[in-house]
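These are my notebook entries on a single protein chain. I set down what I looked up, topic by topic.

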Amino acid sequence: MIKDRSQPTTIKDRCEGIARSKWFLPLFCLGLGVVVLAASWLGGQPGAGLISLAILAGFGLLLLLLTGHSETLRGLTIRRDERFAQIDLRATAITGLVLVITLIVAWLVEIARGHSGHPYDWLCATGGLAYLLAVAFFRWRG
């Protein structure tokens with residue numbers, strides 16, 4: 001019997017298929033908007049939650065409408081080849097570097113103001129630990 005290679009066969013294939021759907025990111029934005037609305041509502045700020053929901057739903061709709069017209073959006077959302085994988089890897093590295101530098105500067109500013117540096121201290125520690133564990137994992141893996 002010939003196996004049909006066009007159909008996903010493993011959970012990993014199915015997950016990748018779902019993530020590459022043109023509907024995944026817009027629906028993710030909508031779902032995130034609902035979560036933010038619920039958290040805001042619980043925090044006593046339903047108006048801010050509704051605004052956040054509208055912004056996230058609008059962003060998801062914008063992605064849905066523009067993905068068909070933009071190679072960049074297609075590459076970042078539904079069609080990932082080696083080139084876009086490398087672009088994503090470099091962009092993620094730069095984003096991480098900017099965030100780490102921002103956290104360190106914010107921590108130093110808080111220390112200079114005579115404060116404890118919290119919550120920047122534990123965010124810096126978490127980032128540093130994640131980096132060390134990732135280096136160890138990738139070194140061990142290969």
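**Burial.** I began with the share of buried residues: they make up 13% of the 142 residues in the protein chain. I keep in mind throughout that this is a predicted model.

**Secondary structure.** I next looked up the elements and found six helices and zero strands in the protein chain. Read from the N terminus on, the order is α-α-α-α-α-α.

**Packing of α5 and α6.** I turned to one pair of helices, α5 (residues 82–112) and α6 (residues 120–141). For two packed helices, I note the angle between the axes and the distance between the axes. Here the angle is about 150°, and the axes lie 9 Å apart. Angles over 145 degrees count as roughly antiparallel, and α5 and α6 are therefore described as roughly antiparallel to each other. I also looked up the handedness of the crossing of α5 and α6, which is left-handed.

**Phe-84.** Within helix α5 I selected Phe-84. Is Phe-84 buried or exposed? Its relative accessibility is 6%, and Phe-84 therefore counts as buried, the limit for that class being under 20%. I then checked Phe-84 against Arg-74: the two are ten residues apart in sequence, and their C-alpha atoms are 9.6 Å apart in space.

**Salt bridge.** How many salt bridges does a search of the whole structure find? The search returns one. I identified the partners as Glu-110 and Arg-113, with 3.5 Å between the closest N and O atoms. I compared the accessibility of the two partners. Glu-110 has a relative accessible area of 16% and is therefore buried, whereas Arg-113, with 57%, is exposed. The cut-offs behind these two classes are under 20% for buried and over 50% for exposed.

**Nonpolar surface patch.** My last search concerned the surface. I recorded a nonpolar patch of about 480 Å², made by Phe-59, Leu-61, Leu-62, Leu-65 and Leu-66. From this patch I took Leu-61 for a closer look. I placed Leu-61 in helix α3, which spans residues 46–66. The class follows because partly exposed covers the range between under 20% for buried and over 50% for exposed.

Notes. Residues numbered from 1 in each chain as written. Predicted model: local features only at pLDDT ≥ 70, side-chain atom pairs only at ≥ 80, totals over all residues. Heavy atoms only, no water. Patch = residues over 30% accessible without salt bridge, like charges linked within 9 Å, V, L, I, M, F, W, Y side chains within 5 Å. Areas by Shrake-Rupley, 256 points an atom, 1.4 Å probe, with all protein chains shown as cover. Salt bridge = Lys/Arg side-chain N within 4 Å of Asp/Glu carboxyl O. Helix = DSSP H or I, 4+ residues; strand = E, 2+ residues; numbered from the N terminus. Axes fitted to C-alpha atoms, helices over the stretch in contact; angles between N-to-C directions. Parallel < 35°, antiparallel > 145°, perpendicular 65-115°, else oblique. Left-handed = near helix turned anticlockwise from the far one by under 90°. Buried < 20%, exposed > 50% of the residue type's maximum accessible area, 1.4 Å probe, protein only.
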